[in-house]
Every structure is written in C-alpha cells, then in structure tokens.
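Student: Could we go through this structure together? I would like to begin with the fold and then turn to the packing.

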Amino acid sequence: MLKSLIDFLSTIKTMTNVMSNQQYSTLAMQPKIYKLMVVNCKNTIDGHSSTRNPTPQVQKAAQAVLAKLKKHEVICKVWL
C-alpha cells in the first residue's frame, strides 16, 4: 500500500515543486497543472500506475482529490 501511495503522491509533489521553483510562475501554467492532476487521479482510480496497481485505499484517496479538483473545474474551464 505504501508504494502505491508514494506513486500517486509523487506526481502531485513533482507538480508542486515545478510551480514552487518558478521565479515567475504564471496563470498560463495552472491549466496544465490542473489537467495533469486530473489525469493522475483518473489513472489511479482506473487502476493504472507507473509501477504497480494502486490499492483500494489509494484509489479512494484519488477519488477525494478528484472531487476537490472538480469543485474548481468551472474556474479552470475559463483557462482551458
């Protein structure tokens, strides 16, 4: 389970690091980050992972993250 959780969260951490390291992060980057996070969540929910199948607990966590992202979907559609 731990490996599955690390796989799921590592993508989100990478995106956070990219945004944090940008001297001038712009709004233009946000839709791309949003899309990558949604794809990561959907892949995890569907049972796809870079190294192994995610556990049911990690899939449930991905569903929760996706639900939170969907709350911001209306705003993000303006950008997409």
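This is a predicted model: local features need pLDDT of at least 70, side-chain atom pairs count only at pLDDT 80 or more; totals for chains, interfaces and linings use all residues.

Student: What percentage of the residues count as buried?
Tutor: Of the 80 residues in the protein chain, 29% count as buried.

Student: And what share of the contacts comes from residues 24 or more positions apart?
Tutor: Taking contacts in the protein chain with a separation of 6 or more, 63% join residues 24 or more positions apart.

Student: Now the packing. How is a pair of packed helices described?
Tutor: Two quantities are used: the angle between the two axes and the distance between them.

Student: At what angle do helix 1 and helix 3 cross?
Tutor: The axes of helix 1, residues 2-21, and helix 3, residues 56-71, cross at roughly 25° and come within 10 Å. Because angles under 35 degrees count as roughly parallel, helix 1 is roughly parallel to helix 3. The crossing of helix 1 past helix 3 is right-handed.

Student: Which residues meet there?
Tutor: From helix 1, S4, L5 and F8 meet V58, A62 and V65 of helix 3. The residues of this contact comprise five nonpolar, one polar and no charged.

Student: What about helix 2 against helix 3: at what angle do their axes cross?
Tutor: The axes of helix 2 and helix 3 cross at roughly 145° and come within 8 Å. Helix 2 passes helix 3 in a left-handed crossing.

Student: Which residues make that contact?
Tutor: Helix 2 contributes Y34, M37, V38, C41, K42, T44 and I45. On the side of helix 3, the residues are V58, Q59, A62, Q63, V65, L66, L69 and K70. By class, the residues of the contact between helix 2 and helix 3 are 10 nonpolar, three polar and two charged.

Student: Let us change topic. How many residues are in the largest nonpolar core?
Tutor: The largest nonpolar core has 13 residues, and those with the most contacts inside it are F8, M37 and L69. Helix 1, helix 2 (30-45) and helix 3 each supply at least two residues of this core. Helix 2 gives the most, with five residues.

Student: What does M37 touch?
Tutor: Not counting residues up to four places away in sequence, M37 touches I12, M15 and L69.

Student: Take M15, then. Is M15 buried or exposed?
Tutor: M15, which lies in helix 1, has a relative accessible area of 6%. Buried means under 20%, so M15 is buried.

Student: Which residues are its partners in contact?
Tutor: M15 touches I33, L36 and M37, again not counting residues up to four places away in sequence. As for K32, 17 residues from M15 along the chain, the C-alpha atoms of M15 and K32 are separated by 9.8 Å.

Student: With which residues is N40 in contact?
Tutor: Leaving aside neighbours within four places in sequence, N40 is in contact with F8, T11 and I12.

Methods: Residues are numbered from 1 along each chain as its sequence is written. Side-chain values use heavy atoms; hydrogens and water are left out. Axes are lines fitted to C-alpha atoms, for helices over the stretch in contact, and angles run from 0 to 180 degrees between N-to-C directions. Helices (H or I, at least four residues) and strands (E, at least two) are DSSP runs, numbered from the N terminus. Angles under 35 degrees count as roughly parallel, over 145 as roughly antiparallel, 65 to 115 as roughly perpendicular and the rest as oblique. A crossing is left-handed if the near helix is turned anticlockwise from the far one by less than a right angle, and right-handed if clockwise. Contact means heavy atoms within 4.5 Å. Ala, Val, Leu, Ile, Met, Phe, Trp, Tyr, Cys and Pro count as nonpolar, Asp, Glu, Lys and Arg as charged, and the others, Gly among them, as polar. A nonpolar core is a set of buried Ala, Val, Leu, Ile, Met, Phe, Trp, Tyr and Cys residues joined through side-chain atoms within 4.5 Å. Buried means under 20% relative accessible area, exposed over 50%, partly exposed in between (1.4 Å probe, protein chains only).
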